[in-house]
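Me: I would like to learn how to read pockets and salt bridges in a model. Can we take them in turn?

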Amino acid sequence: MKIKGSLRLLLHYVAVSVRGQMQYKTSFAIGLVAQFLLMGVEWIAIWSLFARFGNLAGWTLPEVALLYGMANMAFAISETAARGFDIFGYRVVKQGDFDWLLLRPRSTALQVAGLEFRLRYLGRFAQGAVVLAWATAKLGIGWTLAKAGLAAAAILGGACMFSGLFVLQAVLSFWTTESLEILNTVTYGGVETAQYPLAIYRDWFRKFFTYVIPLACLNYFPALAILGRTDPSGVPAVIQWMSPVFGMLFLLVTLRIWDFGVRHYRSTGS
Amino acid sequence: MPFIEAEHLVKTFHVSEREPGIGGALRGLFHRRGREVRALDGVSFAIREGEMLGYIGPNGAGKSTTVKVLGGILVPDSGTCTVMGRVPWKDRVAHVRTIGAVFGQRTQLWWGLPVVESFDLLRDIYGVAAAEHARVLAELVEVLELGPLLSTPVRQLSLGQRMRCDLAASLLHSPRILFLDEPTIGLDAPAKLAVRDFLRKLNREKGVTVLLTTHDLDDIEALCERVLLINHGRILHDGTLADLRRRVTGEKRVVLDLADDGRDVSDPDATVIRREGKRIHLSFDPTRVTASALISRLTANHPVRDLTVENPPIEEIIARIYKDTAA
């Protein structure tokens, strides 16, 4: 009953947000196309890099395209779905409106998620999907059910992981108004990082984005499994196949940290 | 057990002073500089069901902290509090179903949406059944005259219109208790009267318990029999407005409208406190001289055209208490 009510409310939030954006159809369409083109330009930069150097640490352009597509699709989903946590700091905490959420008989996380669902990031999603489709064609990947399932789960897991980062950013805003700048380096830095094979980075950097923030589980490990490559640092195939789970766990952990942040707010009132 | 009960509530805030920029923010995360402010310093009171209580005090006195504790938003450092048998901060979700709130300065409505869509969202937030929602909404629309406003986006409403919509929003789930913070702030006179009328009706006819926080003492005089006065986190008065007056001063006022400018007005038992052209304000102590004796003397000695006897304005009394209790 409670879950049904929460789901109904969530869908209501989505409907309201979508209707709001559709009031300004031109602005919405321009945003959508701009996202698509912006990412297209970025992709051209990567493409010209490979046209010049051929490969990157043994990874060819179509292989990197697989990483790129998955990373951007995952990030685009999180930007749409977890947008509420992204804007929470400056639109809710700064205005002193968090009290309103506490005065309502629903989980605060659900209400924050419901603040906004920004559809223009679907432009980014579409661009990622196009690059992914191109990679698939070029590589001649035989999509078995298992491989397709892994790719879809990995994108979902990656979306969870990025959403978790937005949740962390929202938690930090209980303490400081500078949360946006601090977490943006990880969030946007993360999606940039994930567009290339993790093997090319320095050891500490790779470890940070594997064990602290499970960025490697978003596309690098799943891509290794899909391409049938072995990991140079020796991560077993089992982990590669399980990797979507870690992104989801990451989100669950950050939601616990969210509860901690809310408790802090309720004891300090700031 | 009283409907609402607070005992020895204490809440201290840390007001941090931090350096600007990211570096300052990071340092602020680890060691905090600043000072302690005791917003509630042993606040106790009990409210019966169906009461309409005025809660007054200067800015920073602890009013909104009290309301936040009662609303389940804030956890106090110590002390106990129950609202309808529940500890607000321990059982937040069950507790907030029974209360409604209006903050005059901050709307709970969705800024970009038509009013009725905010109401629809609140229906799903509180999980009110469709038929029940329709019934309650129809009643509120009628009493608050919201009909023409329902399809208007909130951002296009005037302050008075918005306040009526906010009142409706706070009552859609039929709460037993309503917290109001400055519900008439910024409203013009007719809008103020409309809000007061509505609140009086709500309290009398529906038996909703109301805690009214305000700076507008006319609100209190119009609506509340009982007043809590707080300053520096302590309750200084819990009783009627008349008691509050008597406690501070027994003095009364006579206002004379004279035919001349009354330069020579004086009386051994009264003091001239203000002159406005041909109008003169005098204050006197009713235990030393009766109003009738003073009036007959004044009318005998001066060309009095009109005259009223009144209490000192409540603002003056409050100001005097604040001054007396200033730290």
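Reply: Rolling a probe the size of a water molecule over the atoms shows where empty space is left. In this predicted model, the largest pocket has a volume of about 1,100 Å³. Its lining counts 31 residues, and those closest to the centre are A:Arg91, A:Leu115, B:Trp110, B:Trp111 and B:Gly112.

Me: Which helices of chain A each supply at least two residues of the lining?

Reply: Four are named: helix 1 (2-22), helix 2 (25-53), helix 4 (83-93) and helix 5 (98-102). Helix 1 of chain A gives the most, with five residues.

Me: How do the lining residues divide into nonpolar, polar and charged?

Reply: There are 13 nonpolar residues, ten polar and eight charged.

Me: Now salt bridges. What is the general idea, and how many does a search of the whole structure find?

Reply: Side chains of opposite charge can pair when their charged atoms come close. Over all chains, the search finds 36 salt bridges. Take B:Glu139 and B:Lys206: their closest N and O atoms are 2.4 Å apart. This pair links distant parts of the chain, 67 residues apart. B:Glu139 sits in helix 5 (residues 130-144) of chain B, and B:Lys206 in helix 7 (residues 189-206).

Me: Where do B:Arg162 and B:Asp166 lie?

Reply: Both are in helix 6 (residues 159-171) of chain B. They are four residues apart, about one turn of the helix.

Me: Are B:Arg162 and B:Asp166 buried or exposed?

Reply: Both are buried.

Me: What about B:Arg297 and B:Asp267?

Reply: They form a salt bridge, with the closest N and O atoms 2.7 Å apart. Here too the pair links distant parts of the chain, 30 residues apart. B:Arg297 is in helix 10 (residues 291-301) of chain B. B:Asp267 is in the loop between strand 10 (252-258) and strand 11 (270-276) of chain B. B:Arg297 is partly exposed, at 30% relative accessible area. B:Asp267 is buried, because its relative accessible area is 10%, under the 20% cut-off.

Me: Which residues are joined into one network by salt bridges that share partners?

Reply: A:Arg8, B:Asp120, B:Arg123 and B:Asp124.

Definitions and conventions:
Residues numbered from 1 in each chain as written. Chains lettered and ligands numbered in written order. Predicted model: local features only at pLDDT ≥ 70, side-chain atom pairs only at ≥ 80, totals over all residues. Heavy atoms only, no water. 1 Å grid on protein atoms, 1.4 Å probe; cavity = no way out; pocket = protein on both sides within 12 Å on 5 of 7 lines; lining within 4 Å. Points joined across faces, edges and corners; volume = space filled by probe spheres on them. Nonpolar A, V, L, I, M, F, W, Y, C, P; charged D, E, K, R; others polar. Salt bridge = Lys/Arg side-chain N within 4 Å of Asp/Glu carboxyl O. Buried < 20%, exposed > 50% of the residue type's maximum accessible area, 1.4 Å probe, protein only.
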